Amino acid sequence: MKQMENQHSSDTLAYLSGFGNHLSSEAIAGALPESQNSPLICPFGLYAEQISGTSFTAPRKLNQRSWLYRIKPSVTHEPFKPRVPCHGKLVSEFNNSNSRATPTQLRWRPVEFPQLQTDFIDGLFTVCGAGSSYLRHGYAIHMYAANKSMENSAFCNADGDFLVVPQEGKLWITTECGRLQVSPGEVVVLPQGFRFVVSLPDGPSRGYVAEIFGTHFQLPDLGPIGSNGLAGPRDFLVPTAWFEERTCSDFTIVQKFGGELFTAKQNFSPFNVVAWHGNYVPYKYDLARFCPYNTVLIDHGDPSINTVLTAPTDKPGVALLDFVIFPPRWLVAEHTFRPPYYHRNCMSEFMGLIYGGYEAKADGFLPGGASLHSCMTPHGPDTKTFEATVALGNEVGPRKITNTMAFMFESSLIPRVCQWALESRYLDDDYYQCWIGLRSHFTHEYGDEMNLQNEQNASGTNTEL
């Protein structure tokens, strides 16, 4: 059997819905075995193959695995060899040899698209991260800029899950479970171990990638919010089974393993899964479907109220990595400084901008750019934003923030920054200047008395107040 339809058209795609559901899909009716996972002879002569995203004995509510029914098993390939040329800018174990610690506020301008032909793999580069894929604990934050579809090759990340946030240019992603189209304003999670191809149906694409080691993303608990709100489970979309029976003399599997790339050759397409069932699958989500919550009387809510996905640690309420968004929404709080407050945080915050502007930065933070505010490093609205907000006074009415989609990767682990990111021509060396203009607004007469005392002390006089 051969699946003939392979054009890059969203009209050809169908999805299953639901976050964490146990789903099943067949490209050919009857391809799924009935009542068991691995019969002696599978329907249509297919091979049964399991992919496990958690240990066999993980608690049932956390256990993730899927069964794939494929024309040939994925083990049918030549030995892996180090990729030549090596990549050089992918990191999965952060230490003094490949990255630096810095408490300085950092901001990068948008990267330009490469002039040479560059696919998703070669356009991917690490900005910062912490921990180790070898130790199964940590994360890496990457960015990518590509102008070429992957050809006759597939990528497999053995280190962790990818959360891909395209900022410009659609992605057409073929996975072993099926195909997804992901546009700017949507995100896609590609779980550890799945093979996939990234094609660019509309030309060049760039964006952001969060990678987590040793765990998977979950929906955040809603607590007192109740049973509805934020990211709805039914809005997460999973591909339906699609396959190709294609022989090729030199198909390459590119595997990321310990931050290094390895390649193996095989003579068939890995996208030969005719049917599958399970709860370990790629999925996408449209950020426009997010249901935000906000304060309706006073003060500014904590950004955690806008969490889309979280990768937890063993410590309750502490995330390895949260994915938080700042979408269009109404601001209605009275007698309140409405932009994000000035802050020092035990968590570290990497921010990106998909489109529009960001409410805490009047200028300088551009779509496709990024910023990093590490653990306990002060940050907050720039001078222009503060002055403009205060000038509006207390009587400002409700206002809707529109045409914006910023996001944050927030982690409890302190990131180390890659040397090439610190030396990048896109690094904004003048970022700190956006706060230098913040002046004192202190008006109490005690301040005037203290200033007089300080001036007298400096001149050598000592007059009692």
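I looked up the largest cavity first, and its volume is about 240 Å³. I took a cavity as a set of points, on a 1 Å grid over the protein atoms alone, where a 1.4 Å probe fits but cannot get out. The volume is the space filled by probe spheres set on the points, with grid points joined across faces, edges and corners. This is a predicted model, in which local features need pLDDT of at least 70 and side-chain atom pairs count only at pLDDT 80 or more, while totals for chains, interfaces and linings use all residues. Residues are numbered from 1 along each chain as its sequence is written, and side-chain values use heavy atoms, with hydrogens and water left out.

Lining residues have an atom within 4 Å of a point. For the largest cavity I found 21 of them, with Pro-340, Glu-349, Met-351, Tyr-358 and His-379 closest to the centre. Strands E25 (348-356) and E26 (370-373) each give at least two residues to this lining; strands here are DSSP runs of at least two residues, numbered from the N terminus. I sorted the lining into eleven nonpolar, seven polar and three charged residues. In that sorting Ala, Val, Leu, Ile, Met, Phe, Trp, Tyr, Cys and Pro are nonpolar, Asp, Glu, Lys and Arg are charged, and the others, Gly among them, are polar.

The structure has four cavities of 30 Å³ or more.

**Strand E20.** I checked E20 (residues 273-278) and found six of its six residues buried, meaning under 20% relative accessible area with a 1.4 Å probe, protein chains only. I count two strands as paired if DSSP finds at least two bridges between them. E2 (residues 23-26) pairs antiparallel with E20 over four bridges, and Glu-26 has Ala-275 as its bridge partner. E4 (residues 65-70) is also antiparallel to E20, with five bridges; Arg-70 stands opposite Val-273.

**Open sheet.** I traced a mixed sheet of seven strands in the order E5-E19-E18-E10-E15-E12-E13. E5 (81-82) and E13 (178-182) are at the edges with a single partner strand each, so one side of each has no neighbour in the sheet.

**Cysteines.** I searched for disulfides, pairs of cysteine sulfur atoms within 2.5 Å, and the count is zero. For Cys-42 the nearest cysteine sulfur belongs to Cys-177, 16 Å away.

Notes:
Buried means under 20% relative accessible area, exposed over 50%, partly exposed in between (1.4 Å probe, protein chains only). On a 1 Å grid over the protein atoms alone, a cavity is a set of points where a 1.4 Å probe fits but cannot get out, and a pocket is an open set with protein on both sides within 12 Å along at least five of seven lines; lining residues have an atom within 4 Å of a point.
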